[in-house]
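Please study the sequence and the three-dimensional model shown below. The paragraphs that follow lead through selected parts of it.

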Amino acid sequence: MLYASYFGWIGRIVEEYSLQILKGIGITLLLSLVGTVVGFIIACIFSYIKTKKDAGVICRILRVFVNAYVTVIRGTPMMVQALIFYYSFKLMGINWDPLTSGLFTVSINTTAYLTEVLRGGIESVDNGQYEAARSVGMGSFQTMLFVIYPQAIKNSMAAIGNEFIVNIKDTSVLNVIGVIEVYNACLMAGNKYFKVVEAMSIAAIIYLVLTLTSSYILKAIEKRVGSPVKEITSSN
Amino acid sequence: MILSIKNLKKDFGDGEVLKDINFNVEKGECICVIGSSGSGKSTMLRCINLLETPTSGEIIFDNQNIKDMNVNVLRSKIGMVFQSFNLFNNMNVIKNCMVGQIKVLKRAKNEAREIALKELERVGMQDFKDKDVKSLSGGQKQRVAIARALSMNPEIMLFDEPTSALDPEMVGEVLNVIKEVKDTGMTMVIVTHEMQFARDVSTRIVFMNDGVILEDSPTEEFFTNPKNERTKEFLKRYINSSN
Ligand SMILES: Nc1ncnc2c1ncn2[C@@H]1O[C@H](COP(=O)(O)OP(=O)(O)O)[C@@H](O)[C@H]1O
Ligand SMILES: [Mg+2]
């Protein structure tokens, strides 16, 4: 019986490796969460550098760096980045474990995407908001901090949440440096009995449950924070 | 003299928008700037608080060349009211009136709240203090924007077509508030197309055309005895259109 053996094997693998698989789920969530949070924080700084008006010399030099960073990271696969970071740091004498290296990679990667997300969010805020804040005497940084970013982040909530969900799935590539997240944990479990399809079915279901739950929670958060505001654009 | 503009020129790169603007504002004066669209009224106003950088010329505010002043200090002393209100969308009504006081003037929260409440009362918006700005009508938004500017205790207020984005039935409430502010002795420069209002409220009219000031006269003289041909034409058009 093909079906009986398919589900039978799934049951057996889950039973035997539940601890490892649960640990894998924890690692996947850790990577996605840390990556998105750290990426978001750095992206706040990078998007400021990218969008600052009347940028001085230092800001413009930093902007060249940020632009190059975003282009390179978004233009190369995270798997390749993971391998380069993991081994080049080792060659430089930094002996880090796969998980730390994985956290580093996913943070670096998410930073690039969220920098662009936030830049879009900032540009979607009406320029009149900026001018009004500057007109009461707020400096450029105060204006960004108290007026523009709160609105830009709100406008970007859906995209930031989406980045978290993408991270849940895409951190599977970190198996190449030996991180044991959901995919790798399931694969290792299945390998014992040469049952790849069964193992990957388990992985698929776990990913589906994780992404659907996350998307449900994120939607609820989005609803609470409120939908983006459309402003009348200024004509003067 | 609180404000003096000398030989002000502004060029955005494709021709001069302001060509040699000269005029002075005395303390307590209320000046209305009129002129057809594209004549450079907004640009002139925006040069005063350095939202635009003049190409050449001098602007003296409080006996100081604004070029030598800290731009944020300068702006904190000049209240600006925009055509499109530009209330901070991420703050409620009273926070809109407090944030500048706290972050720029470094006032304590309680003091800032008291002043904000007082100014909101002045514009008749105190009952809306905890409301989201998105829930307000255009006229209410503009009144809050005026309160926000007044909360900074500016030395001069600049209005750039404060009623042009409003539905007709809301123009009156905003003009009344501006009149009341004027009656407290506030120095004001108002760009407006509301001729009757300009006549009622201003002490002087500045008429701009194509980047130059064609006429700068006391209000009654401007309306009863305009000197310039273009002014006469402009006024005729206004009288015709309002009949
Ligand atoms: N930021 C800008 N860049 C280029 N041209 C501008 C800019 N702002 C205004 N202008 C031009 O300057 C002229 C005067 O504009 P403006 O001061 O807004 O006139 P008004 O307020 O009297 O209608 C217009 O021709 C307008 O197109
Ligand atoms: Mg204008």
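Helices (H or I, at least four residues) and strands (E, at least two) are DSSP runs, numbered from the N terminus. The structure is a predicted model, in which local features need pLDDT of at least 70 and side-chain atom pairs count only at pLDDT 80 or more, while totals for chains, interfaces and linings use all residues. Residues are numbered from 1 along each chain as its sequence is written, chains are lettered from A and ligands numbered from 1 in the order in which they are written, and side-chain values use heavy atoms, with hydrogens and water left out.

In chain B, helix H5 (residues 138-150) contains Gln142(B). A residue is called buried under 20% relative accessible area, exposed over 50%, and partly exposed in between (1.4 Å probe, protein chains only). Gln142(B) has a relative accessibility of 0% and therefore counts as buried. Its side chain reaches the backbone oxygen of Phe82(B) at 2.7 Å. This is a polar contact, defined as a pair of N or O atoms within 3.5 Å; within protein, one must be able to donate a hydrogen and the other to accept it, and residues adjacent in sequence count only if both atoms are side-chain atoms.

The next topic is ligand 1. A residue is near a molecule if one of its heavy atoms lies within 4 Å of it. The residues around ligand 1 include Phe12(B), Val17(B), Lys41(B) and Thr43(B). Helix H1 (residues 41-48) of chain B supplies the largest share of this shell, three residues. Oxygen atoms of ligand 1 lie 2.7 Å from a polar backbone atom of Gly38(B), 3.2 Å from a backbone N or O atom of Ser39(B), and 2.5 Å from a side-chain N or O atom of Thr43(B). Taken alone, ligand 1 exposes 560 Å², of which the protein buries 60%; such areas come from the Shrake-Rupley method with a 1.4 Å probe, and for residues only the protein chains shown count as cover.

Aromatic rings form another theme. Rings of Phe, Tyr and Trp (its six-membered ring) pair if their centres lie within 6.5 Å; planes under 30 degrees apart count as stacked, over 60 as edge-to-face and the rest as tilted. Over all chains, the structure holds 14 aromatic pairs. In one of them, the ring centres of Tyr6(A) and Phe7(A) are 5.0 Å apart and the planes stand at 70°, so the pair is edge-to-face. Tyr6(A) is partly exposed at 23% relative accessibility, whereas Phe7(A) is exposed at 53%.

The rings of Phe85(A) and Phe104(A) are also edge-to-face, because their planes stand at 90°, with the centres 5.1 Å apart. Phe85(A) belongs to helix H3 (residues 78-91) of chain A and Phe104(A) to helix H4 (residues 98-123) of chain A, so the pair ties together parts that are 19 residues apart in sequence. Phe85(A) is buried, with a relative accessible area of 17%, while Phe104(A) is partly exposed at 29%. Phe85(A), Phe89(A), Trp96(A) and Phe104(A) form one aromatic cluster.

Rings can also carry a charge above them. A charge sits over a ring if NZ of Lys or CZ of Arg is within 6 Å of the ring centre and within 35 degrees of the ring normal. The charged end of Lys53(A) sits over the ring of Tyr130(A), 4.1 Å from its centre. Arg148(B) lies over the face of Phe88(B), 4.5 Å from the ring centre.

Finally, chain A as a whole has eight helices and zero strands. Of its 236 residues, 44% count as buried.
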